[in-house]
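Please examine the sequence and the structure shown below. The paragraphs that follow lead through selected parts of the structure in turn.

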2 protein chains.
Amino acid sequence: MSVDFIHTAALLKALADPVRASIMHILSCGEVCVCQLHQYFTISQPTLSHHLSILRKHKLITTRKEGKWSYHSVNATTVKELSRLLDEIFIPGSECLCHTIRQVECSLPLRQDA
Amino acid sequence: MSVDFIHTAALLKALADPVRASIMHILSCGEVCVCQLHQYFTISQPTLSHHLSILRKHKLITTRKEGKWSYHSVNATTVKELSRLLDEIFIPGSECLCHTIRQVECSLPLRQDA
DNA sequence: CGCACACATAGATAAACGTCAATATGAAGA
DNA sequence: TCTTCATATTGACGTTTATCTATGTGTGCG
């Protein structure tokens, strides 16, 4: 059970950190190199690198290397997928799990008015 | 820094769990009582109760008690706020942090084409 | 009252996470 | 080649998280 949302939860978790959410926000206007991100945050360089690697692992960002520098930018495809996954959670549909759930007997009938 | 996204990250983290995402999905069609949720998942009753309390703490759900039973439903206000917070991350705007970031000197000029 | 049921709370535990200092890698310049 | 700079990797450490068992709380029923 709850298998369907493992991927959704993993992607959300990748974003569910103040530093990583900030990074995504900063990158939303275009690519930025690590050294500039580093100067903005108060965290150490390895910590920032770690956060970037998590975002990269979940394909939320892509990295372009140019000489010594690394430029990071938002991966729009994954961002769109995230949006779709959120709709999957919140927008009720015919395939919703609730239909199975509601057939299970509880001791009281469920109200349908909510 | 990155203070602005602390609340956003906390709300995302509340949702960033397979069980909790599933609960939100099931609740999206209307209120359901705990005993029915419990029969769906393979986790223990205290664990489910714990997940529900996290969702409640972050106002993602509301609880209505009726006799011995607890009925849970989605708090649409918070879901809308979550959507707004995600837009705040991903939709570039004039107040974006990147404008401050980009003024910091890196050793190379930044490209604006990404 | 006394018991059973639905759910919450407390406490313990193992795994995951965020962070840092130290070190490695790899590219550019002297 | 040697050094410096930008970034990644490693390894350690304290905190948080998800889970369980055991227990508490409150409701309804006989």
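Leaving aside neighbours within four places in sequence, A:Ser73 is in contact with A:Leu27, A:Glu31, A:Leu60, A:Ile61 and A:Thr62, where contact means heavy atoms within 4.5 Å. A:Ser73 belongs to strand β3 of chain A; helices (H or I, at least four residues) and strands (E, at least two) are DSSP runs, numbered from the N terminus. A:Ser73 counts as buried because its relative accessibility is 17%. Buried here means under 20% relative accessible area, exposed over 50%, and partly exposed in between (1.4 Å probe, protein chains only).

The model under discussion is predicted, so that local features need pLDDT of at least 70 and side-chain atom pairs count only at pLDDT 80 or more, while totals for chains, interfaces and linings use all residues. Residues are numbered from 1 along each chain as its sequence is written, chains are lettered from A and ligands numbered from 1 in the order in which they are written, and side-chain values use heavy atoms, with hydrogens and water left out.

Chain A as a whole contains six helices and three strands. Read from the N terminus, its elements follow the order α-α-β-α-α-β-β-α-α. Of the 114 residues in chain A, 49% are buried. Among contacts in chain A between residues at least 6 apart in sequence, 51% join residues at least 24 apart.

Helix α1 (residues 6-15) of chain A contributes the buried residues A:Thr8, A:Ala9, A:Leu11, A:Leu12, A:Ala14 and A:Leu15. The buried residues of α1(A) pack against α2 (18-27), α4 and α5 of chain A, together with α1 (6-15), α2 (18-27) and α5 of chain B. One of the residues in helix α1 of chain A is A:Leu11, which counts as buried because its relative accessibility is 3%. Not counting residues up to four places away in sequence, A:Leu11 touches A:His58, A:Leu60, A:Thr78, A:Leu82 and A:Leu85. A:Leu11 and A:Leu55 are 44 residues apart in sequence, and their C-alpha atoms are 9.1 Å apart in space.

The next topic is the largest pocket, which holds about 340 Å³ of space. On a 1 Å grid over the protein atoms alone, a pocket is an open set of points where a 1.4 Å probe fits, with protein on both sides within 12 Å along at least five of seven lines, and lining residues have an atom within 4 Å of a point. Grid points are joined across faces, edges and corners, and a volume is the space filled by probe spheres set on the points. Of the 18 residues that line the largest pocket, A:Leu86, A:Asp87, A:Phe90, B:Ser83 and B:Leu86 are the closest to its centre. Both α5 (76-90) of chain A and α5 (76-90) of chain B supply at least two residues of this lining, and α5(B) gives the most, with seven residues. By class, the lining has 13 nonpolar, three polar and two charged residues. In this classification Ala, Val, Leu, Ile, Met, Phe, Trp, Tyr, Cys and Pro count as nonpolar, Asp, Glu, Lys and Arg as charged, and the others, Gly among them, as polar.

Which residues are the closest to DNA strand D? Among the 23 residues that surround DNA strand D, they are A:Cys35, A:Gln45, B:Ser44, B:Thr47 and B:His51; a residue is near a strand if one of its heavy atoms lies within 4 Å of it. Sugar and phosphate account for 68% of the atoms of DNA strand D that come within 4 Å of the protein. A polar backbone atom of A:Cys35 is 2.8 Å from a phosphate oxygen of DNA strand D, a polar contact being a pair of N or O atoms within 3.5 Å. The surface near DNA strand D receives the most from α4(B), with five residues.

DNA strand C is surrounded by 22 residues, of which the closest are A:Thr47, A:His51, B:Cys35, B:Gln45 and B:Ser49. An N or O atom in the side chain of B:Gln45 is 2.8 Å from a base nitrogen of DNA strand C, and a polar side-chain atom of B:Ser49 lies 2.7 Å from a phosphate oxygen of DNA strand C. The largest share of the surface near DNA strand C, five residues, comes from α4(A).

Notes: Polar contact = N/O pair within 3.5 Å; in protein donor to acceptor, adjacent residues only side chain to side chain.
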